[in-house]
Amino acid sequence: MLRFYFEVARTAYRRQLIYRWANLAGLLTNIFFGAILSYVMIALFHARPVAAGYNVRDVLRYIWLVQAMVMIVLTFGWYDLMLTIRSGEVVSDLSKPCDFYWYWFSREMGRSAYYLLFRGLPTYLAGMLLFGFGVPGEWKAWLAYAASLPLAAMLGIAYRFLFNIVAFWILEARAVGTLATTIALFFSGSYVPLSFFPSWLHAIAAWLPFNGLMNVPAQIFLGKLAGGALLIELGRQVLWLIALTIGVRSLASVAARRVIVQGG
């Protein structure tokens, strides 16, 4: 059965290879917004060289890392599952001799692998070439980041699955999806690092599942987390991943019982 899910992921990865021009357009969009945000931050840091423990190089690395990770972790506008529910095609997925959630999970992991290679790495490389901020050289940070990023991607899949299956109960669920994505982008630190939040809001955001989507991998990459603090944040990622996975699989099981197939 594991081989089946691996093949599903591999097929999803290969399917994404077809959309070369769409990926190029998305890559240019990431670079454009990364450049705009970078110049804004450079202007702000002229007035204050250090803020919340970040200097201008840290912030530039953070901006471009978020642009590199966004399609890997929190694909904006992902309504693939929702659309199959609306059209009725979800019946085909529910009829497959495999677990409904793990089937979609495998598909998205394949897509995440594609975006890592063809969107994430080129985006960060473009930022390095444009602004010359380089990469952290500490090998321990790289190992920790290599552990945190897959957890973030899996957490993002569980979260996207959660707001997509709302379509089993709501006819037009894209508004819910847009709201859910916007909230996640804000509390994951996609707009500004969570360290820039007021202390009371930062304390709340640190315990939300969104913290493990962008902020934790980025903090690790920048060398802001080490020792016990690093283990705590990785533990939070794991716990939220387990909790969300159990929750969405249970909810999907309830939703599947609502499906009525008509016709022969």
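**Pockets and cavities**

Guide: Of the 264 residues in this predicted model, 49% count as buried. The fold contains 11 helices and zero strands, so its pattern along the sequence is written α-α-α-α-α-α-α-α-α-α-α. The C-alpha trace spans about 70 × 40 × 35 Å along its principal axes. The radius of gyration is 19 Å, which agrees with the value near 18 Å that a compact globule of 264 residues would have. Among contacts between residues at least 6 apart in sequence, 80% join residues at least 24 apart. The exposed surface comes to about 13,400 Å², and carbon and sulfur atoms supply 70% of that area.

Against this background the empty space can be described. Rolling a probe the size of a water molecule over the atoms shows where such space is left.

The largest pocket has a volume of about 280 Å³. Its lining consists of 13 residues, and the closest to the pocket centre are N30, F33, Q67, V70 and L185. Helices α2 (20–47) and α3 (56–73) each supply at least two residues of this lining. By class, the pocket lining divides into eight nonpolar, four polar and one charged residue.

The largest cavity holds about 60 Å³ of space. The residues that line the largest cavity are L37, M41, Y62, I63, V66, Q67, S190, Y191, V192 and P193. Here again α2 and α3 each supply at least two lining residues, and α3 gives the most, with four residues. The lining of the largest cavity has eight nonpolar and two polar residues, with no charged residues.

The second largest cavity has a volume of about 40 Å³. Its lining is made up of A206, W207, L208, P209, N211, G212, E233, R236, Q237 and W240. Helix α11 (residues 227–256) provides the largest share of this lining, four residues. The residues around the second largest cavity divide into five nonpolar, three polar and two charged.

In summary, α2 and α3 contribute to the lining of the largest pocket and to that of the largest cavity, while α11 gives the largest share of the lining of the second largest cavity.

Conventions
Residues numbered from 1 in each chain as written. Predicted model: local features only at pLDDT ≥ 70, side-chain atom pairs only at ≥ 80, totals over all residues. Heavy atoms only, no water. 1 Å grid on protein atoms, 1.4 Å probe; cavity = no way out; pocket = protein on both sides within 12 Å on 5 of 7 lines; lining within 4 Å. Points joined across faces, edges and corners; volume = space filled by probe spheres on them. Nonpolar A, V, L, I, M, F, W, Y, C, P; charged D, E, K, R; others polar. Rg over C-alpha atoms; globule rule 2.2 N^0.38 Å. Buried < 20%, exposed > 50% of the residue type's maximum accessible area, 1.4 Å probe, protein only. Contact = heavy atoms within 4.5 Å. Areas by Shrake-Rupley, 256 points an atom, 1.4 Å probe, with all protein chains shown as cover.
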